[in-house]
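Please look over the sequence and the model before reading the notes that go with them.

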Amino acid sequence: MGRVEDAIGALKLEYPTLDFSYRDFPLGEPGEKMFTWPGPPDEDVMIVVHQCSGVRELFHRHDFFYFNYTYCGSYDSLSQRYDNVVTIREGELYAGQPFADHALLVHDDADTTIIGMLVKKEAFFRSFLPLLSSDSGFLRFLLDPSTDCFADEFIHFKLEDQCTARALFEMMAVEYANRREDTQDVLKPLALALLMQVARQYADDERADAAPVGMAELMVRYLGEHVDTVTLSALAARFSYHPNYVSTLLRKETGKTFSELLLEQRMDRAAILLKGTDLSVAEVARTLGYLNTSNFHKAFRAHYGMTPRAYCDLACSE
């Protein structure tokens, strides 16, 4: 524990030296402010530790992803657009997208300590997103600011696997406080483990809030969460039915075949990735389970009436 406490103490002292200066936000209203990446340009993941001191920050945005874990204490976050106060307590996560306005932080407790994991937007898309894209709701949360810089979205919940989450943040803090040449290589798998946990709980919370659904809808949901690997046989095995029964049920309840549903899910996911990230067409194809990029091109063109590249150009011009 001493090593963890030493690392957190060292990162607390380092925090005031980071460049968290307010800069003009070029896409917003006059006077809007933002934070840009505060660390070295060769780092993709940063771990920061902030001890609150009763300071009220200005409303501001970020050009990076942030995942803040309340290590001890609590604090409030005030949304500028919705004018509501969110209290983030010990053991809870508060995360935001690039450019989303997580607004005025009201720090009222000098004993509150926040461990933040910051991730560059470009690195997030290439290193983490392909492994986090199984849930379309979470994917849209991550990418909305790329197509709407005023998405004003955030995640706030108490992580269910509290021991694992706390341990991951502590391990990352120790590693980052004692940086070495391979520190980024060590941090990225730890960050991915945390993000996978966040994605899992995000999906679970969405399901808990949703109205009860039938078997066909459950199958379609599972299909959407495994677009890169699912087959009719695998779907049937997952729900303990014969493939012929699954095929008949899906057609009866949705009016579409398994193949049509899979294509629809893949193309929907492809559009999100092409519009919201700078991933190449080949990278998007691999993320969706296409081993042959030309097959992805054919499927995309048949579905949208244009090539993936033309779709990207059209999205950028809007």
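The report below takes up confidence, aromatic rings, charges over rings and one glutamine.

## Basis and confidence

This is a predicted model, in which local features need pLDDT of at least 70 and side-chain atom pairs count only at pLDDT 80 or more, whereas totals for chains, interfaces and linings use all residues. Residues are numbered from 1 along each chain as its sequence is written, and side-chain values use heavy atoms, with hydrogens and water left out.

The protein chain has a mean pLDDT (the predictor's confidence in each residue, from 0 to 100) of 82, and 80% of its residues reach 70 or more. Over residues 145–152 pLDDT stays under 50, and for these residues the model has 24 contacts (heavy atoms within 4.5 Å) beyond four places in sequence. Where pLDDT is low, the predicted coordinates should not be read in detail.

## Aromatic pairs

The structure holds 14 aromatic pairs, a pair being rings of Phe, Tyr and Trp (its six-membered ring) with centres within 6.5 Å, where planes under 30 degrees apart count as stacked, over 60 as edge-to-face and the rest as tilted. One of them joins Tyr222 and Phe239, whose ring centres are 5.9 Å apart with the planes at 85°, so the pair is edge-to-face. Because Tyr222 lies in helix 6 (residues 215–225) and Phe239 in the loop between helix 7 (232–238) and helix 8 (243–254), the pair ties together parts that are 17 residues apart in sequence; helices here are DSSP runs (H or I, at least four residues), numbered from the N terminus. Tyr222 counts as buried at 19% relative accessibility, and Phe239 counts as buried at 16%, with buried meaning under 20% relative accessible area, exposed over 50% and partly exposed in between (1.4 Å probe, protein chains only).

Phe300 and Tyr304 form a tilted pair, 4.6 Å centre to centre with 40° between the planes. Both lie in helix 11 (residues 293–304), four residues apart, which is about one turn of the helix. Phe300, at 0% relative accessibility, counts as buried, while Tyr304, at 28%, counts as partly exposed. Elsewhere, Phe65, Phe67, Phe124, Phe125 and Phe128 form one aromatic cluster.

## Charges over rings

The charged end of Arg166 sits over the ring of Tyr71, 3.9 Å from its centre, the criterion being NZ of Lys or CZ of Arg within 6 Å of the ring centre and within 35 degrees of the ring normal. Likewise, Arg179 has its charged end over the ring of Tyr176, 4.0 Å from the ring centre.

## Gln197

Gln197 is found in helix 5 (residues 183–209) and counts as buried, at 11% relative accessibility. Leaving aside neighbours within four places in sequence, Gln197 is in contact with Leu159, Asp161, Thr164, Ala165 and Leu168.

Terms used. Helix = DSSP H or I, 4+ residues; strand = E, 2+ residues; numbered from the N terminus.
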